[in-house]
Amino acid sequence: MPVFAGIVLVMLALALAAWAHVARRRDDPAGLHAFELLADDPAACFMTDAAGHVILRNLAAETRFGADVRSLHDALGRHVLHPAELLLRLQGAVDVEGAAREDIPGHAAILRLTVHRAGRDGYFWRADDIALPQDSSALIDRMDRPPAVAVGSDLEEVPVAIMTFGPDGVMRIANYAARELMWRGDIRAAMFHDLFEGLGRPVSEWLADVVAGRHPGGAEVLRVRGEEERFLQITLRRYDEGGRLGALAILNDATRLKTMEAQFAQSQKMQAIGQLAGGIAHDFNNLLTAISGHCDLLLLRHGREDSDYADLEQIRQNANRAASLVGQLLAFSRKQTLNPEVIDLEDVLGDLTHLLNRLMVEKVDLTLAHLGRAEGRPLGRIRADKRQVEQVLINLVVNARDAMPEGGDIRIETEPVTLAEDMQRDRATVPAGDYTVIRVIDHGIGIPDHQLHQIFEPFFTTKRVGEGTGLGLSMAYGIVKQSGGYIFVDTVVGQGTTFSLYFPVFEGKDLPPVAEVKRVAAKQGEGVILLVEDEASVRAFASRALSLRGYTVLEAANAEEALARLEDRSLRVDLFVTDVVMPGMDGPAWVRRAHLDRPNVKVVFMSGYAEDGLAEDQARVPNSVFLPKPFSLNDLTNTVQGLMS
């Protein structure tokens, strides 16, 4: 091997001498003949001009770097970060010393680049791949480290934000793009840990590990120190500049990406909270039905003069308050029972203003304005639950009042709005069409930016302990969304807040009002009722309540048990009273199966969830009504009597 290498070097020297004396231009026949001496050299050989353009190359060069390589920059681009700087540096050394060499470390081998002068304007390049010996611990350690890239100082005009740092974190270079990104063009001295944070461990440790080769580098999204909502993706890589180790950092603005990630996480959290709230509310409705129902049973045996009557009445009232709180949770999760109807908001607000004025305090005034009236544009009717819309407006007005401790004006505006195209706002898309818009405007303290994204979350409140449950805005959000509308907020700290509610104008025909169960005077009933309820306490209360009214009650803990009872064809049943959500077969499913043999039996569906979740199934069940939980003794008995009378 040494003899062969010596022969190759002798041949190289002879070829260069021949080229230097004879070949002055690329088309010189003597120069071509000199390069032919190295045509069979196993190493990749190039002859280039001063700009790096390939004049000649041997077969090994074509095999190693490709036959379509036109410049040495292209050939070395996969091995070094800035090949132009490397070539200029080596050519400069050749002009002074006549020859130069540099080793470029790789994953499994070292690329040794050797260059000699070839005439007045040319250079001869030789590229050798030197395998790393396995028995050399020093070289093995070098292989384990990530490859170092060559970095020159000519980075100023590169259109990518680039910084370099020493092992101690001191910034060495920041090109123009990096200075624009970080400091709007200013030139500053900085440390790596003074610029970035948010890795989960000290960023200086990450930098030191990359420089030392203990970490391969890579990309991380970090927060710009001192700026709450600004993020950069930092790609670190170890580099070696003439034996001077450091870290090369490529910066990309990741604020938008991080914002989208946070918004997605927030939407997932809100969805999870909604599902949790709905599930908890359903279970609480069962408990409250049992509590208030058994309380009603006790009240039947205690008159007002009884010493226990006041205590029982307190239990009943607090159970009703708890039911209201559960209703707010269901409103947030959009599973609340609504009774939608076509309403005129001008009439609703006209009646509601009297109540709202009584909620005002000293130095706070309330005004109502219909902006379309003066222009002859009537306010479109909407389809929503009137009682719930009123509750939303009451909550918004009370919040506006509390936001103005020094007094001020609260203004409620209505306006007919037509969107010619879809409106994109706050991650929501409002379809084009006609809308009735209600705005509640105050001139209070406003909402800080860091709280703005939390205001519709349940239990979030800026009020002091005991002054609010944190469910008002979450309930308003749920009711508006469940009604097919949209709610937006605009705020300026110190100037005030505006809540805008968009309800789609109802274009259909007037729907008949929701059929209410006929109210009859409490009396003894007759007939057989099949009661199907998986919650034992609710089933016990309902069974006793209906039995007290004179009905014969058959109980079943689930749908399968109910169907088994109905297999007795001699059994006469006049009414099914069933829960909707049960383990196994649900209420509508078993009722449809039972109606195959008993098509005329009427049905009362009970549920702690919203009726709209049942609407499609209930529509296919004739002679059925819906009874929302929690219900009282009178609610249950009146519903049954009204359906059977």
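**Close-up 1. Surroundings of Ser500 in the predicted model.** Leaving aside its neighbours within four places in sequence, Ser500 is in contact (heavy atoms within 4.5 Å) with Ile438, Arg439, Tyr486, Ile487, Phe488 and Asp490. Ser500 belongs to strand β20, residues 496-504, where strands (E, at least two residues) and helices (H or I, at least four) are DSSP runs numbered from the N terminus. Ser500 counts as buried because its relative accessibility is 5%, buried meaning under 20% relative accessible area with a 1.4 Å probe and protein chains only. The model is predicted, so that local features need pLDDT of at least 70 and side-chain atom pairs count only at pLDDT 80 or more, while totals for chains, interfaces and linings use all residues. Residues are numbered from 1 along each chain as its sequence is written, and side-chain values use heavy atoms, with hydrogens and water left out.

**Close-up 2. Packing of helix α16 (residues 536-548) with helix α20 (residues 633-644).** The axes, which are lines fitted to C-alpha atoms over the stretch in contact, with angles from 0 to 180 degrees between N-to-C directions, lie 10 Å apart at an angle of about 60°. Phe541, Ala542, Ala545 and Leu546 of α16 meet Leu633, Leu636, Thr637 and Val640 of α20.

**Close-up 3. Helix α5 and the residue just after it.** Helix α5, residues 83-97, has 15 residues and reaches 21 Å from its first C-alpha to its last, close to the 21 Å expected at 1.5 Å a residue, the expected span being 1.5 Å times one less than the number of residues. Its buried residues are Pro83, Glu85, Leu86, Leu87, Leu90, Gln91 and Val94. Just after α5, Gly98 takes a positive phi of about 95°.

Definitions and conventions. Buried < 20%, exposed > 50% of the residue type's maximum accessible area, 1.4 Å probe, protein only.
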